[in-house]
Amino acid sequence: MHWQTTRFRIDLSRPRVMGIVNVTPDSFSDGGRHAGAAAALAHCERLVEEGADVLDIGGESTRPGSTTPAAAEEMARVLPVIEGALRLGVPVSVDTSEPAVMQAALALGIDIVNDVRALRRPGALACLAGHKAAGVCLMHMRGEPETMQAQTDYADVVADVGDFLDHRAAEVMAAGVAAERIVLDPGIGFAKQPGHNLALLRRQRELVARLGRPLLVGWSRKGTLGLLTGRGVGDRLAASVAAALVAVQHGAAIVRVHDVAATVDALKVWQAACSD
Ligand code: HH2
């Protein structure tokens with residue numbers, strides 16, 4: 001399986017690591033740390049040295065309860081970082097739901113659009129449909145980060161998330177985006193209780209089997225890991241690596257992580273021992 005993006009056709013025959021670069025004042029685990037463009041770009045360079053296969057640059061915090069920045073503010077945060085990151089030799093993704101940001105990033109040559117709202121904002125789908133090759137990650141979420149934790153009633157979370165991703169991928173393909181440009185994401189922590197997140201990990205193979213597209217998952221430092229370990233957000237490295245490994249073992253193609261070096265090492269061991 002491959003993931004077609006603007007400049008790269010990413011081979012997914014081995015698991016890939018997407019390194020998180022948050023250029024936000026308020027992200028849940030590293031808000032404010034890379035808020036300036038120079039600091040964010042230095043972080044990009046470090047993640048590439050550590051073995052990141054993709055860089056994911058975001059200017060909107062989507063932690064539960066966060067509010068959405070204006071498009072102009074989001075652009076001012078991410079565009080200078082994207083411009084620099086595009087020179088580092090790896091695929092670069094922009095983590096945004098805002099069509100104006102997508103358009104500007106695509107004009108700079110961005111490889112991938114990672115949208116936690118799965119291109120549902122007016123104009124977002126047209127941005128991707130109007131581009132010849134950019135990759136896209138469509139994620140499951142309900143509502144908005146401000147209100148999503150009030151929308152966590154599921155008959156069967158794995159079936160419901162699978163239905164959503166199936167339908168959304170079909171709509172995006174119908175708009176003209178080729179299947180090989182699309183990866184899907186169950187949205188760990190987005191409109192879900194800890195039990196839902198764990199069911200999505202425990203039964204992740206069911207999702208992989210029914211979707212027919214590669215799965216990207218983000219467990220890094222998330223609240224469910226805090227609940228399981230009793231550890232604060234800065235102390236969840238081991239838990240995050242463990243979750244990434246289980247996700248890969250259960251068929252994930254790409255893991256979205258803050259701690260690239262540790263995840264890359266763990267996946268090397270997994271590959272040597274477990275991959276066929
Ligand atoms: N999680 C976050 C943000 N973007 N994108 C995808 N595809 N999948 C995810 O699970 C996902 C995502 C939240 O994590 P983070 O970027 O660290 O925090 P914040 O949203 O507070 O910036």
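**Exercise 1. Determine how far apart the mean positions of the positive and negative charges of the protein are.**

Solution. Step one is to count the charges: the protein has 28 positive and 31 negative ones. Lys and Arg count as positive and Asp and Glu as negative, while His and the chain ends are not counted. Step three compares the mean positions, which are 2 Å apart.

The model is predicted: local features need pLDDT of at least 70, side-chain atom pairs count only at pLDDT 80 or more, and totals for chains, interfaces and linings use all residues. Residues are numbered from 1 along each chain as its sequence is written, and side-chain values use heavy atoms, with hydrogens and water left out.

**Exercise 2. State whether the radius of gyration of the protein agrees with that of a compact globule, and why.**

Solution. The radius is taken over C-alpha atoms, and the globule rule is 2.2 Å times the number of residues to the power 0.38. For 276 residues this rule gives a value near 19 Å; the protein has 17 Å, so the two agree. The C-alpha atoms fill a box of roughly 40 × 40 × 40 Å along the principal axes.

**Exercise 3. Locate Pro 122 and decide whether this residue is buried or exposed.**

Solution. Pro 122 lies in the loop between β6 (112-115) and α4 (124-129). Helices (H or I, at least four residues) and strands (E, at least two) are DSSP runs, numbered from the N terminus. Buried means under 20% relative accessible area, exposed over 50%, and partly exposed in between (1.4 Å probe, protein chains only). Pro 122 has 79%, and is therefore exposed. By comparison, 55% of the 276 residues of the protein count as buried.

Methods
The place of a charge is taken as NZ of Lys, CZ of Arg, CG of Asp or CD of Glu.
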